[in-house]
Amino acid sequence: LDDDGVAVKEGDRVSFSYGIPPVRVEGPVIELDGILWVKTPEHQPTSCRLDQLREFVGGFFKVQPS
């Protein structure tokens, strides 16, 4: 679930920010071996497990495709 309580699944996109000043990131959610990952190729790291994302960025939201 994202920070609004909306379920996130493969094929969705999520958005989050990090840093000071904040850097906005939007990435697709994919499934690998039964685990959901967020792909962020323009940033380091280039991917993160969705279930661990909140530990690193504080929160995220499901977004409509841009």
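What percentage of the 66 residues of the protein chain count as buried? In this predicted model, the share is 29%. The legends below describe the fold as a whole and then a series of close-up views.

**Figure 1. Overall fold of the protein chain, with one helix and five strands.** Along the sequence, the elements follow the pattern β-β-β-β-α-β. The radius of gyration is 11 Å, close to the 11 Å given by the globule rule for 66 residues, so the protein chain is as compact as a globular protein of that length. Taken along the principal axes, the box filled by the C-alpha atoms is roughly 35 × 25 × 25 Å. Among contacts with a separation of 6 or more, 41% are made by residues 24 or more positions apart. The accessible surface amounts to about 4400 Å², and carbon and sulfur atoms account for 55% of that area.

**Figure 2. The open sheet, with five strands in the order β4-β3-β2-β1-β5.** The pairing in the sheet is antiparallel. From one strand to the next, the twist averages 40 degrees.

Figure 3. Strand β1 comprises residues 13-18 and is joined to β5 by three bridges. The two strands run antiparallel. Arg13 has Val63 of β5 as its bridge partner.

**Figure 4. The hairpin of β2 and β3, with two residues between the strands.** Strand β2 spans residues 23-32 and pairs with β3 in the antiparallel sense over four bridges. Leu32 stands opposite Ile35 of β3. Asp33 lies in the loop between these strands and has a phi near 50 degrees, a positive value in a residue other than glycine. Most residues other than glycine have a negative phi. With a relative accessibility of 82%, above the 50% cut-off, Asp33 counts as exposed.

**Figure 5. Pairing of β3 with β4 and the loop between them.** Three bridges link β3 and β4 in the antiparallel sense, and Lys39 stands opposite Ser47 of β4. The loop between β3 and β4 holds His43 and also Pro45. His43 has a relative accessibility of 17%, which is under the 20% cut-off, and therefore counts as buried. Beyond its neighbours within four places in sequence, His43 contacts Tyr18, Val23, Arg24 and Val25. The peptide bond from Gln44 to Pro45 is cis, with omega near -5 degrees. Most peptide bonds are trans.

Figure 6. Helix α1, residues 50-57, lies across β1, β3 (35-39) and β4, and runs at about 105 degrees to β4. Its buried residues include Leu50, Leu53 and Val57. These three cover an arc of only 15 degrees around the axis, which puts them on the same side of α1. An α-helix has 3.6 residues a turn, so residues three or four places apart point the same way. The buried residues of α1 pack against β1, β3 and β4. Asp51 and Glu55 are exposed, on the face of α1 turned away from its buried side. Gly58 follows α1 and has a positive phi, near 90 degrees.

**Figure 7. Ile20 and Pro21 in the loop between β1 and β2.** The peptide bond from Ile20 to Pro21 is cis, with omega near -5 degrees. Ile20 has a relative accessibility of 87% and counts as exposed. Ile20 and Val57 are separated by 37 residues in sequence, and their C-alpha atoms are 12 Å apart in space. Ile20 is exposed, whereas Val57 is one of the buried residues of α1.

Methods: Residues are numbered from 1 along each chain as its sequence is written. This is a predicted model: local features need pLDDT of at least 70, side-chain atom pairs count only at pLDDT 80 or more; totals for chains, interfaces and linings use all residues. Side-chain values use heavy atoms; hydrogens and water are left out. Two strands pair if DSSP finds at least two bridges between them. Axes are lines fitted to C-alpha atoms, for helices over the stretch in contact, and angles run from 0 to 180 degrees between N-to-C directions. Contact means heavy atoms within 4.5 Å. Buried means under 20% relative accessible area, exposed over 50%, partly exposed in between (1.4 Å probe, protein chains only). The arc is that of the directions from the helix axis to the C-beta atoms. The radius of gyration is taken over C-alpha atoms; the globule rule is 2.2 Å times the number of residues to the power 0.38. Accessible areas come from the Shrake-Rupley method with a 1.4 Å probe; for residues, only the protein chains shown count as cover.
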